[in-house]
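Please open the structure in your viewer and keep the selection tool at hand.

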Amino acid sequence: MKSDMELITSEGKRRDGRSPEDIRKIKIEAGVLHRADGSCYLEWGGNKVLAAVYGPREAVPRHTQNPLRAIVQARYNMAAFSVEDRKRPGPDRRSVEISKVISEALERVVLTEQFPRASIDVNIEVLDAEAGTRCAGLTAAAVALIDAGIPMRDIPVACAAGKIGGQVVLDLGKEEDNFGDADLPIAISPRTGEVLLLQMDGHLTLDEFNQAFDLAVKGCHIVSEIQKKAIMHKYQSAAAEVQE
Amino acid sequence: MANEGRQVVIPGQVLGDISAFRPGRGTFVENKKIYAERLGVLNIQDTFIHIIPLKGRYEAVVGDFVIGVVEEASTSNWMVDINAPYPALLHVHEVPWEIEFADTEKYLNTGDTILAKVLSVDESKKLQITLNDRNLFKLKGGHLIEFEPSMYRRIMGKKYSMIEIIQKYTRCRIKVGKNGRIWIDGDAEGIHKVLQAISKIESEAITFGLTDRIEEFLKKDAKDVR
């Protein structure tokens, strides 16, 4: 693939036909695994992510325990077959970093003080990757946490914005991420607007940054609605079926 | 109450204003607004709002009857798994037997099932249970199954109506622990029916008239009723 390809036309049409402010298609299903306390399967464009939550349970080893609150341990992992060239299995520099930022984002919304000494374990498994897996992973993890019945202040949600061909756009696709100018994934608490995660790759001017940030927040709110619908669908449908 | 099912709420959902309602379990207050903190069913009694959770770990409360599985026997106590986030401690003073020092394994060993009561829960959620009360003992034989602890009330029914119906039609001995465990003893057919009934209750928990439907379901192929 050439790096001088046109990522966005002058009319603002992207390679996959989206306009600058469109997100990719998202599908979320809660409670897909029976052995986990809570789970979620999410498809975001070409991304396929599975999240499972265990706990709260006693944190081991003992020295990781916090006597006043629970710890949230997220583990982000990419399957060997999730990318074009086989990814060497196991944690690497990138996945350790993503695990850390997701753990910290989730810890901020979970009511951890209700479970002293405990650990809430979140496993995020990326089955298929196509740019924006940390956003997809965090969004799936949030749904899985609710499915596990864990008390939270809000439902965290993530979305990315970026810059391609000199234009600020929402939710970068694969080529856009690889050959674009910048990527700005953020996670927010949609109720309060609090920022839970903010990372940036590439270069943006201050104006472009503000524009991209506002766009990403807008994207988060769109994704948040899809998240809420998925949870409601799972738990309200059980009630509706029997009402016939 | 109306018959259109109960309202399911999700974390962060606004439930009302602090001036009009009183916040209860499963809610939190921020800027004078009451929010839901977990997935559950909304319950408003007069001005009191609380949430009945749909899922989640068992939260130990002093006095609860629980079914525990012994994890480890030490010289003067046992560690018992009661399905809570933390293991519970059972001290030798809290059992009805005279136990010589380091003889704990003779009475209860790893894998044994006990019907116990929560004795204490401290602020760091350290749990203690006891066997020193009426109707508390080591369970022998039978089957142990798990359910969502939040479904306890649905499984018991109003004034134990649900569990009595199940016992009546299946002729099984059933013990229900508040921690989401049920111990069943009886013939294979009876146990199978209890399992079916419990899973039916779990999947239809947020609907009305459930007790009648369960009775109908059990009545269908009941041969001899006690």
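Begin by selecting chain A and chain B together: their contact takes 31 residues from chain A and 22 residues from chain B. Please bear in mind that this is a predicted model. On the side of chain A that touches chain B, select strand S3 (47-58), helix H2 (133-147) and helix H4 (206-243), each of which supplies at least two residues. Which of these elements gives the most to that side of chain A? It is H4(A), with 10 residues. Colouring this side of chain A by class shows 19 nonpolar, four polar and eight charged residues.

Remain in chain A and select Pro56(A), which is placed in strand S3 of chain A. The peptide bond that leads from Gly55(A) to Pro56(A) is cis, with omega near 5°. Next, select Val60(A) and Pro61(A), which are also joined by a cis peptide bond, with omega about -5°. Pro61(A) belongs to the loop between S3 and strand S4 (71-78) of chain A.

The next stop is Ala131(A), in the loop between strand S5 (118-128) and H2 of chain A. Its phi is positive, near 65°, although the residue is not a glycine. Is Ala131(A) buried or exposed? Ala131(A) is buried, because 24 other C-beta atoms lie within 10 Å and the cut-off for a buried residue is 20 or more.

Now move to chain B, which is divided into domain 1 (8-53), domain 2 (65-139) and domain 3 (143-219). The centres of domain 2 and domain 3 of chain B, taken over C-alpha atoms, are separated by 26 Å. Each of these two domains of chain B gives nine residues to their contact. On the side of domain 2 of chain B, select strand S8 (65-73) and strand S11 (113-121), the elements that give two or more residues. S8(B) provides the largest share, three residues. The residues on this side of domain 2 of chain B comprise seven nonpolar, two polar and no charged.

Select Lys125(B), in the loop between S11 and strand S12 (127-130) of chain B. Lys125(B) has a positive phi of about 60° and is not a glycine. This residue is partly exposed, with 19 other C-beta atoms within 10 Å.

Finish at strands S15 (residues 173-177) and S16 (residues 181-185) of chain B, which run antiparallel and are joined by five bridges. Ile174(B) stands opposite Ile184(B) in S16(B). The hairpin of S15(B) and S16(B) has three residues between the strands, and in it Gly180(B) takes a positive phi near 85°.

Methods. Residues are numbered from 1 along each chain as its sequence is written. Chains are lettered from A and ligands numbered from 1 in the order in which they are written. This is a predicted model: local features need pLDDT of at least 70, side-chain atom pairs count only at pLDDT 80 or more; totals for chains, interfaces and linings use all residues. Two strands pair if DSSP finds at least two bridges between them. Helices (H or I, at least four residues) and strands (E, at least two) are DSSP runs, numbered from the N terminus. Domain bounds come from an automatic or database domain assignment. Two residues are in contact if their C-beta atoms, placed from the backbone, lie within 7 Å. Ala, Val, Leu, Ile, Met, Phe, Trp, Tyr, Cys and Pro count as nonpolar, Asp, Glu, Lys and Arg as charged, and the others, Gly among them, as polar. A residue is buried if 20 or more other C-beta atoms lie within 10 Å of its own, exposed if 12 or fewer, and partly exposed in between; C-beta atoms are placed from the backbone.
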